[in-house]
Amino acid sequence: MAETAEKFNTAMAGWQEWQDAPWGRLRYVIAEANLARHLADLPAGPLRILDVAGGNGADAVRLAARGHHVTIVDHAHAMLDAAGERAQAEGLADRITCVQAGVDRLPAEVTSTQFDVVLCHNLIQYTDDARQTLAAALAPLRPGGLLSVISANRHSASLTAAIREMDLAAALAALDTDRGRTRMFDAQLRLRTAEEIQPMLEELGCRDVHHYGIRSVCDYITDDARKHDPKFYADLERLELAVTARHPHKHTARFFQLIARTCRTATACRAVRRGGS
Ligand SMILES: C[S@@+](CC[C@H](N)C(=O)[O-])C[C@H]1O[C@@H](n2cnc3c(N)ncnc32)[C@H](O)[C@@H]1O
């Protein structure tokens, strides 16, 4: 099912519009806040961050603005061109490197670096084998480094169909499938859950896995126009930040985010990965 780069190249205008919309902004604000809690546990100073399938750099620019060095890998040239333009416009070009590659073929310039942090945000819903994708993303992460994974949450599919689309037949069908579609990229999705991905991460040598929800509330408010009102948006953002780590809200959020540390030593990581493969 791996989606071609062309689908992502041709959807730039819609993608940027989505990112600027209140629901797009929330995705990045909440992810950044969750990550910030864990970055505080790493040594101070500029970190080397790898953003796998980093698209047009929306996460990367935020991190570079905090002083970190970010390498964005993506297979879509239009995404990387937009990331480069964005980095230039924000005066961050010296902290952002763009590399065109598929996640399954990371080039030596990436695999030979030991990154402190790896982001794998909204990629695994486009790949058939999440474990293989995560293993590839984890390979350049240094022992004790931090991994952040975001993906579309299967638990939200049925609720979204029922509440937003009032399509109860679709809601019923969504209960028993892990397949979805995105109109944005005209692509098939594999919908997963945090409960499914967490053990995979542990098998791959991750520990201290923290589970957050992104857009736990936003998507269940059907009045989208209201979300453009600055006061309403500010209240919504405050509420989302308050519930991101809370049970039960995080379980039905539109996206799940898992943040984990890798084993402390390279030997321990290798042993766990050998055992789990
Ligand atoms: C929904 S966008 C997410 C971009 C970014 N991570 C974010 O959250 O803003 C998905 C990105 O994954 C990239 N992508 C999908 N499959 C890929 C693959 N196999 N290798 C590299 N990039 C891939 C696409 O080109 C696209 O930029």
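Predicted model: local features only at pLDDT ≥ 70, side-chain atom pairs only at ≥ 80, totals over all residues.
Reader: Let's start with α3 and α11; at what angle do their axes cross?
Author: The axes of helix α3, residues 22-39, and helix α11, residues 230-243, cross at roughly 40° and come within 10 Å.

Reader: And is that crossing right-handed or left-handed?
Author: The crossing of α3 and α11 is right-handed.

Reader: Which residues meet there?
Author: From α3 there are Pro-22, Leu-26, Val-29, Ile-30 and Ala-33, and these meet Tyr-233, Glu-237, Glu-240 and Leu-241 in α11. Sorted by kind, the residues of this contact between α3 and α11 divide into 7 nonpolar, no polar and 2 charged.

Reader: Moving on to α5, how many residues does it have, and what does it reach from end to end?
Author: Helix α5 covers residues 77-89, which is 13 residues, and from its first C-alpha to its last it reaches 18 Å, close to the 18 Å expected at 1.5 Å a residue.

Reader: Which residues of α5 are buried?
Author: In α5 the residues Met-79, Leu-80, Ala-83 and Ala-87 are buried. They cover an arc of only 95° around the axis, and therefore they sit on the same side of α5. On the other side of that helix, Gln-88 and Ala-89 are exposed.

Reader: What do the buried ones pack against?
Author: The buried residues of α5 pack against two helices, α1 (5-9) and α4 (58-65), and against two strands, β2 (69-74) and β3 (96-100).

Reader: What follows α5?
Author: After α5 comes Gly-91, with a positive phi near 70°.

Reader: Is Arg-192 buried or exposed, and why?
Author: Arg-192 is buried, because 20 other C-beta atoms lie within 10 Å, and 20 is enough to count as buried.

Reader: What is Arg-192 in contact with?
Author: Leaving aside neighbours within four places in sequence, Arg-192 is in contact with Ile-124, Gln-125, Ala-130, Ser-151, Arg-154, Asp-178 and Ile-197. The C-alpha atoms of Arg-192 and Ala-152 are separated by 6.7 Å, although these two residues are 40 residues apart along the chain.

Reader: You mentioned α10; which of its residues are buried?
Author: The buried residues of α10 are Ala-194, Ile-197 and Leu-201. They cover an arc of only 70° around the axis, so they are on the same side of α10.

Reader: And what covers them?
Author: The cover over the buried residues of α10 includes α7 (130-138), β5 (141-152), β8 (206-214) and β9 (255-262). As for what comes after, α10 is followed by Gly-205, with a positive phi near 100°.

Definitions and conventions
Residues numbered from 1 in each chain as written. Axes fitted to C-alpha atoms, helices over the stretch in contact; angles between N-to-C directions. Helix = DSSP H or I, 4+ residues; strand = E, 2+ residues; numbered from the N terminus. Left-handed = near helix turned anticlockwise from the far one by under 90°. Contact = placed C-beta atoms within 7 Å. Nonpolar A, V, L, I, M, F, W, Y, C, P; charged D, E, K, R; others polar. Expected span 1.5 Å × (residues − 1). Buried ≥ 20, exposed ≤ 12 C-beta atoms within 10 Å, placed from the backbone. Arc of directions from axis to C-beta.
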